[in-house]
Amino acid sequence: MDYGGGYSTTSYGAQGGMGGGGFMGGSQGGSQPSGGRGAPSKDTLRPCTIKQVLDASEPFPNADFKIDDVGVQQLSFVGQIRNISTQATNITYKLDDGTGTVEVKQWVDVEANPALGLIGRDAKAPSQLKVGEWARVWGRLKALNDRRHVGAHFMRPVTDKMEITFHLLEATYVHLYFTKGPLLEPGGEKGAAAGAGGMNGQMDGGGYGNGDAGMRADMRTQHVGVNARRVYQCLKEMPQSNEGLHVQNIAASIKMPVTDVMKAGDELLADSLIYTTVDDSTWALLDF
């Protein structure tokens, strides 16, 4: 399954928000949006770090949490077990992945296994999860009395330490995907002739306002957000006078709210990619 921007699933068995995300067959049917920011389906599984879990925003009480301004329902992360607290109805693990610590609670299914309290789907799982060992968690972020914890649907030990590296890279990729947009891929004659390594390639599907389509991978804009790249591309390709383009014209061209265009413009101004001309709302590219 292709995630978009050249990212596809692997055979690792973790897969974060992709495929089954490590769940048993049929338990996970979510999918990520086709590009950039968006509202994932209710069953989406988001790979993340513990710091992202702790920093997740909650628009209002009992609302879905958001990471990178994208709603999340289920989370997947790895961490080293620092403490285990066993109670009559649940087992609480404290996990640390190097970015932060968080409590993970698993409820004991006494009917399934009165002796061990079968947790998740593996009766051996509780005994295999030990202090000092790494574990992978799938669950939901919850808040009680302003204190956050993760309610685990399933937990298992990490048997291959490469899974830790894989997960952190995947969490980084997904974070950049939602904050910077999908990877820009070379395509077409302009992309082939634009420069070494395809850095100045052009994505398929030209036009000013087709989301990220038609946006050339310009090295100058690789550190700005998706909206800023769209505004930059519009200023680069849309016919204009020496005075540049007004915010209203840009918004109409790329079909973006004026407020978002202004924020994108501020980002480009801060990076010295554009400059104001006749007034603060009229911009032109800063060529150098």
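Biologist: How much of the contact set in the protein chain joins residues at least 24 apart?

Modeller: A contact means heavy atoms within 4.5 Å. Take the contacts in the protein chain between residues at least 6 apart in sequence: 52% of them join residues at least 24 apart. Bear in mind that this is a predicted model, where local features need pLDDT of at least 70, side-chain atom pairs count only at pLDDT 80 or more, and totals for chains, interfaces and linings use all residues. Residues are numbered from 1 along each chain as its sequence is written, and side-chain values use heavy atoms, with hydrogens and water left out.

Biologist: How many helices and strands are there in the protein chain?

Modeller: Helices (H or I, at least four residues) and strands (E, at least two) are DSSP runs, numbered from the N terminus. Here you get 7 helices and 13 strands.

Biologist: Which residues are buried in helix 6?

Modeller: Buried means under 20% relative accessible area, exposed over 50%, and partly exposed in between (1.4 Å probe, protein chains only). Helix 6 runs over residues 247-254, and its buried ones are Val247, Ile250, Ala251, Ser253 and Ile254. They sit on the same side of helix 6, because they cover an arc of only 165 degrees around the axis; that arc is taken from the directions from the helix axis to the C-beta atoms.

Biologist: What covers the buried residues of helix 6?

Modeller: The cover includes helix 5 (226-237), strand 11 (245-246), helix 7 (258-270) and strand 13 (282-285).

Biologist: Which residues touch the most other members in the largest nonpolar core?

Modeller: A nonpolar core is a set of buried Ala, Val, Leu, Ile, Met, Phe, Trp, Tyr and Cys residues joined through side-chain atoms within 4.5 Å. The largest one has 23 residues, and Phe77, Leu95 and Val104 touch the most other members. Elements giving two or more residues to this core include strand 6 (74-86), strand 7 (90-96) and strand 8 (101-107). Another core, of 19 residues, lies apart from it, with Tyr232, Leu235, Val261 and Leu285 among them.

Biologist: Is Asp68 buried or exposed?

Modeller: Asp68 counts as buried, at 18% relative accessibility. You'll find Asp68 in the loop between strand 4 (66-67) and strand 5 (70-71), with a positive phi of about 60 degrees although it is not a glycine.

Biologist: Where is Ser272 found?

Modeller: Look in the loop between helix 7 and strand 12 (274-276). Ser272 has a positive phi too, near 60 degrees, and is partly exposed, with a relative accessible area of 41%.
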